[in-house]
Amino acid sequence: MSGDVAGDGGLQELPKFSQEKQQMLERVREKGLALEGASDKLRADRDVVLAAVRQDGRALAYASDELKADKEVVLAAIRGDGRALEHASNNLRADKEVVLEAVRRSGHTLEYASDNLRTDKRFVLEAVRQNGTALEYASDNLRA
């Protein structure tokens with residue numbers, strides 16, 4: 001009998017979370033930064049975070065660490081706001097595709113790229129093409 005009670009509690013929790021998720025999806029679709037007020041569970045929910053970052057790339061700041069390391073989520077955020085690279089995982093800050101997408105949208109995001117990519121002439125030129133002052137984030141060797 002105690003198994004039934006535990007089973008019922010689990011069933012009651014599922015619709016409750018589902019309802020919370022639907023409410024949060026509605027909120028973040030209108031205002032991505034509403035993710036800031038979400039529970040940790042919702043900040044780790046891929047659907048909720050994708051909806052938030054598609055509406056406002058800056059919402060990546062409030063995503064779980066796991067989703068900050070998810071390439072699709074980070075690219076969606078960067079497409080909304082190149083500066084979202086600041087909140088991406090270190091691995092994705094070293095990913096050529098991700099960083100190139102970011103610097104094409106906002107040259108200053110070169111600041112958040114891995115040291116390796118800040119020494120790469122191609123990335124620096126792309127960033128400077130987008131915003132000439134991005135040169136300040138290039139490696140010393142390239143600025144010399």
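Is S89 buried or exposed? In this predicted model, S89 is buried, with a relative accessible area of 16%, a value that falls on the buried side because the cut-off is under 20%. The residue belongs to the loop between α5 and α6, and the points below move from the chain as a whole to the helices on either side of that loop and then back to the loop itself.

**Overall architecture**

- The protein chain contains 10 helices and zero strands, so that its elements, read from the N terminus, run α-α-α-α-α-α-α-α-α-α.

**The nonpolar core**

- In soluble globular proteins, nonpolar side chains tend to be buried together.
- Here the largest nonpolar core comprises 41 residues, within which V28, L35, V53 and L60 have the most contacts.
- Two or more residues of this core are given by each of α1 (2–30), α3, α5, α7 and α9 (121–130).
- Setting aside residues up to four places away in sequence, V53 touches A59, L60, V73, A76 and A77; V53 is also one of the buried residues of α3, together with V48, V49, L50, A51 and A52.

**Helices α3 and α5**

- In α5, the buried residues are V73, V74, L75, A76, A77 and I78, and these pack against α3 (46–55), α4 (65–68), α6 (90–93) and α7.
- The N-terminal end of α5 is capped by D70, which places a side-chain oxygen 3.0 Å from the backbone nitrogen of E72.
- The N-terminal end of α3 is capped by D45, with a side-chain oxygen 3.0 Å from the backbone nitrogen of D47.

- Two packed helices are described by the angle between their axes and the distance between the axes.
- For α5 (residues 71–80) and α7 (residues 96–105), the angle is about 10° and the axes are 9 Å apart; the two helices are therefore roughly parallel to each other.
- The contact draws on K71, V74, L75, I78 and R79 from α5, and on E97, V98, E101, A102 and R105 from α7, a set that divides into five nonpolar, no polar and five charged residues.
- The axes of α7 and α9 come within 7 Å and cross at roughly 20°, which makes α7 roughly parallel to α9.
- On the α7 side of this second contact are K96, V99, L100, V103, R104 and R105, which meet R122, F123, E126, A127 and Q130 of α9; these residues divide into five nonpolar, one polar and five charged.

**The loop between α5 and α6**

- S89, in the loop between α5 and α6, touches K68 and A69 when residues up to four places away in sequence are not counted.
- A84 is found in the loop between α5 and α6, and at 1% relative accessibility A84 counts as buried.
- With residues up to four places away in sequence again left out, A84 touches G57, L60, A77 and I78; of these, A77 and I78 are among the buried residues of α5, while L60 is one of the residues with the most contacts inside the largest nonpolar core.
- The C-alpha atom of A84 is separated by 9.4 Å from that of Y112, which lies 28 residues apart from A84 along the chain.

Methods. Residues are numbered from 1 along each chain as its sequence is written. This is a predicted model: local features need pLDDT of at least 70, side-chain atom pairs count only at pLDDT 80 or more; totals for chains, interfaces and linings use all residues. Side-chain values use heavy atoms; hydrogens and water are left out. Axes are lines fitted to C-alpha atoms, for helices over the stretch in contact, and angles run from 0 to 180 degrees between N-to-C directions. Helices (H or I, at least four residues) and strands (E, at least two) are DSSP runs, numbered from the N terminus. Angles under 35 degrees count as roughly parallel, over 145 as roughly antiparallel, 65 to 115 as roughly perpendicular and the rest as oblique. Contact means heavy atoms within 4.5 Å. Ala, Val, Leu, Ile, Met, Phe, Trp, Tyr, Cys and Pro count as nonpolar, Asp, Glu, Lys and Arg as charged, and the others, Gly among them, as polar. Buried means under 20% relative accessible area, exposed over 50%, partly exposed in between (1.4 Å probe, protein chains only). A polar contact is a pair of N or O atoms within 3.5 Å; within protein, one must be able to donate a hydrogen and the other to accept it, and residues adjacent in sequence count only if both atoms are side-chain atoms. A nonpolar core is a set of buried Ala, Val, Leu, Ile, Met, Phe, Trp, Tyr and Cys residues joined through side-chain atoms within 4.5 Å.
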